[in-house]
Amino acid sequence: MKIFNILAVLLFTLANASLFAAAPHSVIGTLQYEDESFPQDIYWTAYITTRPKDVLVFEQPTTSMYDQNTGNFLIQCSAFSSWAADETLHVEFTDTQNFAATLDVVLSYDAYDNAGIVVLTQVQETEHPVYGFVQYVNETIPAAINWTAFITTRPDEILGSTDSSYYDNTTGAFVLECTDFSNWAAGDTLHIDIDDNQTATGSVEIILTDQDSDSTDLVTLEYPVGIASDQLSAPQDIRLMQNYPNPFNPETMISFGLDRSQYVKLTVYNTLGKRVRTLIAQYKNAGEYQTVWDGKNDAGDKLGSGTYFLELKGETLTRRSKAIMIR
């Protein structure tokens, strides 16, 4: 009798599991872009995360599965070979304009699960470097830096110096690559924290664009109050003033001062840290000086619009500023 009861329970369980796996169960929601408009051409792939090889592909959803006028979608779990409550359904949506979104829903015992609004964002497939320069308060260059970066709307995904990056301790130029993030989009705010492996720190934020690259403002590392540093007490024997006008087109005036006679070099760099023009490279007496940059490189070719960095390098100190050219 006991054995009969056990068999009966097993048969009942198997029968109900089979019925449940075939039972109708829908996942519904609404697809839209960030501007709240609805995709017109959409397709998706879906699978239960414990069975990723059992994939449903919807390349041209019927009107009963997707409504272009409202963005409402419907996915029938009965299309899978099996499914069960508490399993996770993973869906990847894409359109024909390189926008995409992903969705993970834990299935319930109810007749349907509502995923709410799913927002498609543009997929960034090409490299998008962010360039910048870092220095101390007295404009000397750190020998080494560490950095961490994150998109402010996704602070849990943090990149660090071990990711795709570059730092030049002779110019203070650094580069980080946005494609190291799982995703990013124009309009996102990138936050970067930098330190010098000691106690000096600095940070900067930049709104990412749809251009090929972006450039941050100059990052200045500062020591906590009360901490002495030889770098902070270094002599200030050269001065580089902000160019004027700035932004400029077609030329700009650069002024600098020397408190003692010395060999100086005034150089223009692009955001890649590449030298594009040497304006001055000679020994000069103490005094105030001005020179004009005509927006051309050393070969006499006109440079394009963008951000450039001016560097005045003396015998012991280096000063930098940022110039913006608009053609």
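Predicted model: local features only at pLDDT ≥ 70, side-chain atom pairs only at ≥ 80, totals over all residues.
Two residues are in contact when heavy atoms of each lie within 4.5 Å.

## Overall composition

The protein chain has 327 residues, of which 41% count as buried. Its secondary structure consists of one helix and 23 strands. Among contacts with a separation of 6 or more, 61% join residues 24 or more positions apart. The chain exposes about 17600 Å², and carbon and sulfur atoms supply 52% of that area.

Seven strands form an open sheet with mixed pairing, in the order 3-2-5-6-7-1-4. Strand 3 (51-58) and strand 4 (72-76) stand at the edges; each has a single partner strand, so one side of each is left without a neighbour in the sheet. From one strand to the next, the twist averages 25 degrees.

Within this sheet, strand 2 (residues 42-48) pairs with strand 5 (residues 88-95) in the antiparallel sense, over seven bridges. Tyr43 has Thr94 of strand 5 as its bridge partner.

In soluble globular proteins, nonpolar side chains tend to be buried together. The largest nonpolar core here holds 25 residues, and the members touching the most others are Leu31, Trp44, Phe73, Leu89, Val91 and Phe93. Strands 1 (26-33), 2, 3, 4, 5, 6 (99-106) and 7 (112-122) each give two or more residues to this core. Strand 2 provides the largest share, four residues. A second, separate core has 23 residues, including Tyr136, Leu176, Leu208 and Leu221.

Definitions and conventions: Residues numbered from 1 in each chain as written. Heavy atoms only, no water. Pairing = 2+ DSSP bridges. Axes fitted to C-alpha atoms, helices over the stretch in contact; angles between N-to-C directions. Buried < 20%, exposed > 50% of the residue type's maximum accessible area, 1.4 Å probe, protein only. Areas by Shrake-Rupley, 256 points an atom, 1.4 Å probe, with all protein chains shown as cover. Core = buried A, V, L, I, M, F, W, Y, C linked by side-chain atoms within 4.5 Å.
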